[in-house]
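Please read this briefing alongside the sequence and the coordinates, taking the points topic by topic.

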Amino acid sequence: MIVIMKPNAAPQSVDSVLSYIEKHGLQTHLSRGEEVTIIGIVGDKTKLPTENLVSFKDVDRIVPVTESYKLANKKFHPEPTTVRVGNTHIGPDNLTIMAGPCAVETEEQLMCIARAVKKSGATILRGGAYKPRTSPYSFQGLETVGLRYMQEAGKENGLATICEVVSQEAIEEAVKYVDMIQIGARNMQNFILLKEAGRSGLPVLLKRGLCATIDEWLNAAEYIIAEGNPNVVLCERGIRTYETSTRNTLDLSAVPVLRERTHLPVIADPSHSTGAYKYVPPMAKAAVACGADGLMIEVHNNPACALSDGPQSLTFEKFDRLTSELKPLCDLIGREFTIC
Ligand code: PEP
Ligand code: MN
């Protein structure tokens with residue numbers, strides 16, 4: 001349920017509504033927009049005599065929120081959220097590109113990729129230090145050593161950094177070295193991990209589960225926010241369908257659907273969704289055209305020898321061509337995007 005205050009409601013009126021709700025043992029969530037102030041209510045509504053609430057000074061109306069996710073809900077927070085990540089941000093005014101290898105392999109490899117992606121316009125360096133691979137015999141990541149390389153490559157090139165975490169121990173390590181943590185598709189409904197991510201203090205990129213509906217995805221985001229961490233970014237990375245020509249099916253309609261339901265930023269991952277480097281540029285452009293706030297793209301210095309996801313990784317040249325093609329698109333739709 002939300003309480004919508006009248007335009008220009010007095011601060012004392014807002015305070016008295018807040019304390020009335022809290023006195024009944026419910027939580028409040030205040031959203032002060034340019035025009036209207038909204039008070040979101042979380043908790044057992046049966047404890048709250050709402051009929052009294054309507055007669056409070058400056059209350060305009062009370063609207064029920066039927067969806068199970070509240071804090072992630074646009075009704076609670078109509079203005080789009082901007083999430084700060086290191087020295088950059090993800091939100092409605094710019095296009096944020098996260099790029100880098102699937103897995104951190106060596107210090108030299110990461111440093112040279114970081115330099116290249118920075119030059120082509122990326123502001124966040126991605127790289128897996130914990131790799132949840134389909135086969136237990138595949139490369140599983142350098143763990144803490146990989147996180148250290150991420151920190152060094154980020155610092156050296158003025159890039160923020162993001163790494164996937166797969167356990168509480170990985171979160172405890174990641175917070176020492178990187179600017180953002182990622183919850184991967186396979187862990188989207190690992191509720192214990194989501195709660196830990198919510199308590200980590202770092203912004204969280206939440207990828208869509210392979211078979212998750214948009215509602216399930218938003219409920220997963222709610223787990224993180226409910227722990228006191230509002231800095232959640234959603235990443236559409238393709239879902240399982242009957243189609244086998246691509247690794248997954250990139251559900252770009254999720255972008256406008258999410259825009260309608262949540263205030264959280266939304267980015268797209270054309271690499272893990274298509275699984276093939278040649279489909280990455282067209283899907284990246286389509287994602288930007290339909291309103292994504294950013295992209296996550298795998299880039300490798302030598303895709304043929306990559307320890308993971310080589311077939312979907314862009315070379316430096318292909319990545320550079322893509323970002324130079326994205327620039328005029330951003331200018332057209334009014335999103336800031338700078339290539340240094
Ligand atoms: C990744 O980004 O490296 C990754 C494993 O992605 P996903 O969880 O989307 O498969
Ligand atoms: Mn990968």
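This is a predicted model: local features need pLDDT of at least 70, side-chain atom pairs count only at pLDDT 80 or more; totals for chains, interfaces and linings use all residues.

- Helix H11 comprises residues 316-333, and its 18 residues reach 26 Å from the first C-alpha to the last, which is close to the 26 Å expected at 1.5 Å a residue.
- Its buried residues are Phe319, Leu322, Thr323, Leu326 and Cys330.
- Just after H11 comes Gly334, which takes a positive phi of about 80°.

**The barrel and the helices across it**

- Eight strands form a closed barrel in the order S7-S8-S9-S10-S11-S12-S13-S14, with parallel pairing, and neighbouring strands of this sheet are turned by 25° against each other on average, with direction ignored.
- Strands S7 and S14 pair in the parallel sense over five bridges, and the bridge partner of Met98 in S14 is Met296.
- Strands S13 and S14 also pair in the parallel sense, over two bridges, with Gly294 in S14 as the bridge partner of Ile267.
- Strand S10 (residues 180-183) runs parallel to strand S11 (residues 204-207) and is joined to it by three bridges; the bridge partner of Gln182 in S11 is Leu205.
- Helix H7 (residues 214-226) lies across S11 and strand S12 (232-236), and runs at about 155° to S12.
- Helix H10 (residues 280-289) lies across strand S13 (266-268) and strand S14 (294-298), and runs at about 165° to S14.

**Burial of strand S14**

- Five of the five residues of S14 are buried, so the strand is largely enclosed by the rest of the structure.

**The manganese site**

- The manganese ion (ligand 2) is coordinated by Cys102 through SG, His272 through NE2, Glu298 through OE and Asp309 through OD, at 2.0 to 2.3 Å.
- In sequence, the donor residues of this manganese ion are spaced C-x169-H-x25-E-x10-D.
- Cys102 lies in the loop between strand S7 (96-100) and helix H3 (107-119), while His272 lies in helix H9 (residues 270-274), so the pair ties together parts that are 170 residues apart in sequence.

**Domains**

- The domain assignment of the chain gives domain 1 (2-63) and domain 2 (83-333).
- The centres of domain 1 and domain 2, taken over C-alpha atoms, are separated by 37 Å.

**Two residues with positive phi**

- Asp58 has a positive phi of about 70° although it is not a glycine; this residue is found in the loop between helix H2 (50-53) and strand S4 (59-63), and at 17% relative accessibility Asp58 counts as buried, because the cut-off for burial is under 20%.
- Glu143 likewise is not a glycine and has a positive phi, of about 55°; this residue is found in the loop between strand S8 (124-126) and helix H4 (144-157), and with a relative accessible area of 42% Glu143 is partly exposed.

Conventions: Residues are numbered from 1 along each chain as its sequence is written. Chains are lettered from A and ligands numbered from 1 in the order in which they are written. Side-chain values use heavy atoms; hydrogens and water are left out. Donors are N, O and S atoms within 2.8 Å of the metal (3.2 Å for Na, K and Ca); water is not among the atoms, so sites may look incomplete. Helices (H or I, at least four residues) and strands (E, at least two) are DSSP runs, numbered from the N terminus. Two strands pair if DSSP finds at least two bridges between them. Axes are lines fitted to C-alpha atoms, for helices over the stretch in contact, and angles run from 0 to 180 degrees between N-to-C directions. Contact means heavy atoms within 4.5 Å. The expected span of a helix is 1.5 Å times one less than its number of residues. Buried means under 20% relative accessible area, exposed over 50%, partly exposed in between (1.4 Å probe, protein chains only). Domain bounds come from an automatic or database domain assignment.
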